[in-house]
Amino acid sequence: MKFSHILGILVIAVAVIIIISTTGDASSYVDFKEAKAMAVSDTREIHVVGTLKKDAQGHVTGIMPAADKLSFSFLMIDEKGEEQQVFYNNPMPPDFLRSEQVVVIGRYQGNSFVAGQILLKCPSKYQEQELQPTQQAQFN
């Protein structure tokens with residue numbers, strides 16, 4: 001067996017080990033029911049995707065800021081329609097109330113989902129904006 005064959009086998013073995021070890025860390029989006037079931041047996045952080053609860057006029061409801069304004073909780077509806085209170089131990093992110101979709105990353109603690117991180121999909125970032133012509137300086 002040539003040295004190049006042995007080297008090729010070693011490279012393939014290292015690649016397989018890296019792929020197997022990173023597959024365990026990969027996460028996917030789940031709903032609240034599945035997240036609650038995973039909290040019992042899994043120690044990883046869980047990603048839940050959903051939307052903020054809104055009233056008939058489209059206003060976000062269920063936002064409950066803490067007395068110190070450094071944390072808040074809110075009501076979120078997952079993709080299967082289950083409503084859950086989510087606690088976030090940080091100030092409200094900018095554009096939170098304007099977000100189209102929310103991803104919370106965290107774990108269940110008792111009956112509450114405690115998010116360590118919130119990701120937002122804000123529609124304003126993806127909409128084209130009309131550019132207003134600026135007044136040109138007049139050089140006389």
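Aspartate 95 pairs with arginine 98 in a salt bridge, and their closest N and O atoms are 3.6 Å apart. A salt bridge here is a side-chain nitrogen of Lys or Arg within 4 Å of a carboxyl oxygen of Asp or Glu. This is a predicted model: local features need pLDDT of at least 70, side-chain atom pairs count only at pLDDT 80 or more, and totals for chains, interfaces and linings use all residues. Residues are numbered from 1 along each chain as its sequence is written, and side-chain values use heavy atoms, with hydrogens and water left out.

Stay with aspartate 95. This residue sits in the loop between strand 5 and strand 6. Helices (H or I, at least four residues) and strands (E, at least two) are DSSP runs, numbered from the N terminus. Aspartate 95 is not a glycine, yet has a positive phi of about 65 degrees. Its relative accessible area is 31%, so aspartate 95 is partly exposed. Buried means under 20% relative accessible area, exposed over 50%, and partly exposed in between (1.4 Å probe, protein chains only). Arginine 98 is also partly exposed, at 48%.

How many salt bridges does a search of the whole structure find? The search finds four. One of them joins glutamate 100 to lysine 121, with the closest N and O atoms 3.8 Å apart. Glutamate 100 lies in the loop between strand 5 and strand 6 (101–109), and lysine 121 lies in strand 7 (residues 112–121), so the pair ties together parts that are 21 residues apart in sequence. Glutamate 100 is partly exposed at 43%. Lysine 121 is partly exposed at 35%.

Next, look at aspartate 31 and lysine 80. Their side chains meet in a salt bridge of 3.2 Å, N to O. This pair links distant parts of the chain, 49 residues apart. Aspartate 31 is in the loop between strand 1 (29–30) and helix 2 (32–41), while lysine 80 is in the loop between strand 4 (72–78) and strand 5 (83–88). Lysine 80 is exposed, at 69%.

Lysine 69 is another backbone point to check. Lysine 69 has a positive phi of about 65 degrees, although it is not a glycine. This residue is in the loop between strand 3 (64–65) and strand 4. Lysine 69 is exposed, with a relative accessible area of 57%.

Finish at helix 1 (residues 3–23), which holds isoleucine 6. Isoleucine 6 is partly exposed, at 38% relative accessibility. Met1, Ile6, Ile9 and Leu10 make a nonpolar surface patch of about 450 Å². Patches are made of residues with over 30% relative accessible area and no salt bridge; like charges are joined within 9 Å, and nonpolar side chains (Val, Leu, Ile, Met, Phe, Trp, Tyr) within 5 Å. Accessible areas come from the Shrake-Rupley method with a 1.4 Å probe, and for residues only the protein chains shown count as cover.
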